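Visitor: I would like to go through this structure with you. Could you show it first?

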Amino acid sequence: MKKFLLLFLFVGLHSYSQKSLPDLNLSALDGKNISLKNDFAEKDKLYIFSFWASWCAPCINELDEMNEIQAEWKKTINFEVIAVATDDTRTQKRVKPLVSGKEWEYTILLDTNQDFKRALSIVNIPYTIVVKNNKIVHIQNGYVPGNEVDLFEKLKTL
């Protein structure tokens, strides 16, 4: 009976523990090598990783909305948005022109082999995670207009 209770306690605590940001390196849009663990490690800063692709209309809508309101958000919260393009080698050539045309003020990372996406078991995009002190503290799957308001309210509590 004691073994069962210990196993139950361990599994229960493990399932509720926060997942760490994977220790991966990705390329930025400018070709610079970026370490997820080291380059996004400012203490108590919130990092919003938004997974998207050039062919995903809801993803682009979400990033457009966040781009418009992030200046207002930064008056209250210390955060940075990182847009993680999950385009494969066939569609990756569309990313840079799209980002240039949109004038997004984000760090753009290329997850061409989808290592980051796979490490987090992401199936569908858009998919947004919020990271604080290298721990994933919030997950938002999908996008509908207005989600950014809910995300902002959540960020204020973290």
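Guide: This is a predicted model. Among contacts between residues at least 6 apart in sequence, 71% join residues at least 24 apart.

Visitor: How many helices and strands are there, and in what order do the elements run?

Guide: The protein has six helices and seven strands. Starting at the N terminus, the elements follow the order α-β-β-α-β-α-β-α-β-α-β-β-α.

Visitor: What share of the residues is buried?

Guide: The protein has 158 residues, and 44% of them count as buried. The exposed surface comes to about 9,200 Å², with 54% supplied by carbon and sulfur atoms.

Visitor: Let us turn to the sheet. What is its strand order?

Guide: The order is E2-E1-E5-E4-E3-E6-E7, in an open sheet of seven strands with mixed pairing. Strand E2 (33-35) and E7 stand at the edges and have a single partner strand each, so one side of each lacks a neighbour in the sheet. From one strand to the next, the twist averages 30 degrees.

Visitor: In what sense does E6 pair with E3, and in what sense with E7?

Guide: E3 and E6 pair in the antiparallel sense, over six bridges. The pairing of E6 and E7 is also antiparallel, over six bridges. Lysine 132 in E6 stands opposite leucine 46, and lysine 132 also stands opposite lysine 135 in E7.

Visitor: And the turn of that hairpin: which residue takes a positive phi?

Guide: That is asparagine 133, with a phi near 55 degrees. The hairpin of E6 and E7 has two residues between the strands.

Visitor: Which strands does H6 touch?

Guide: H6 packs on the sheet and touches E3, E6 and E7. The direction of H6 makes about 160 degrees with that of E7.

Visitor: Which residues of H6 are buried?

Guide: In helix H6, which spans residues 147-157, the buried residues are Asn147, Glu148, Leu151, Phe152 and Leu155. They cover an arc of only 140 degrees around the axis, which puts them on the same side of H6. An α-helix has 3.6 residues a turn, so residues three or four places apart point the same way.

Visitor: What covers them, and which residues are exposed on the other side?

Guide: The cover includes strand E3 (46-52), helix H3 (57-73), strand E6 (127-132) and strand E7 (135-141). On the other side of H6, Asp150 and Thr157 are exposed.

Visitor: Changing topic: how many disulfides does a search of the whole structure find?

Guide: The search finds one. Cysteine 56 and cysteine 59 form a disulfide, with their sulfur atoms 2.2 Å apart.

Visitor: One last residue. Where does lysine 45 lie, and is lysine 45 buried or exposed?

Guide: Lysine 45 is in the loop between helix H2 (36-39) and E3. Its relative accessible area is 12%, so lysine 45 is buried, the cut-off being under 20%.

Visitor: What is lysine 45 in contact with, leaving aside its neighbours within four places in sequence?

Guide: With those neighbours set aside, lysine 45 is in contact with Asn78, Phe79, Glu80, Val131, Lys132 and Asn133. Of these, asparagine 133 is the hairpin residue with the positive phi, and lysine 132 is the residue opposite leucine 46.

Terms used. Residues are numbered from 1 along each chain as its sequence is written. This is a predicted model: local features need pLDDT of at least 70, side-chain atom pairs count only at pLDDT 80 or more; totals for chains, interfaces and linings use all residues. Side-chain values use heavy atoms; hydrogens and water are left out. Helices (H or I, at least four residues) and strands (E, at least two) are DSSP runs, numbered from the N terminus. Buried means under 20% relative accessible area, exposed over 50%, partly exposed in between (1.4 Å probe, protein chains only). Contact means heavy atoms within 4.5 Å. Accessible areas come from the Shrake-Rupley method with a 1.4 Å probe; for residues, only the protein chains shown count as cover. The arc is that of the directions from the helix axis to the C-beta atoms. A disulfide is a pair of cysteine sulfur atoms within 2.5 Å. Two strands pair if DSSP finds at least two bridges between them. Axes are lines fitted to C-alpha atoms, for helices over the stretch in contact, and angles run from 0 to 180 degrees between N-to-C directions.
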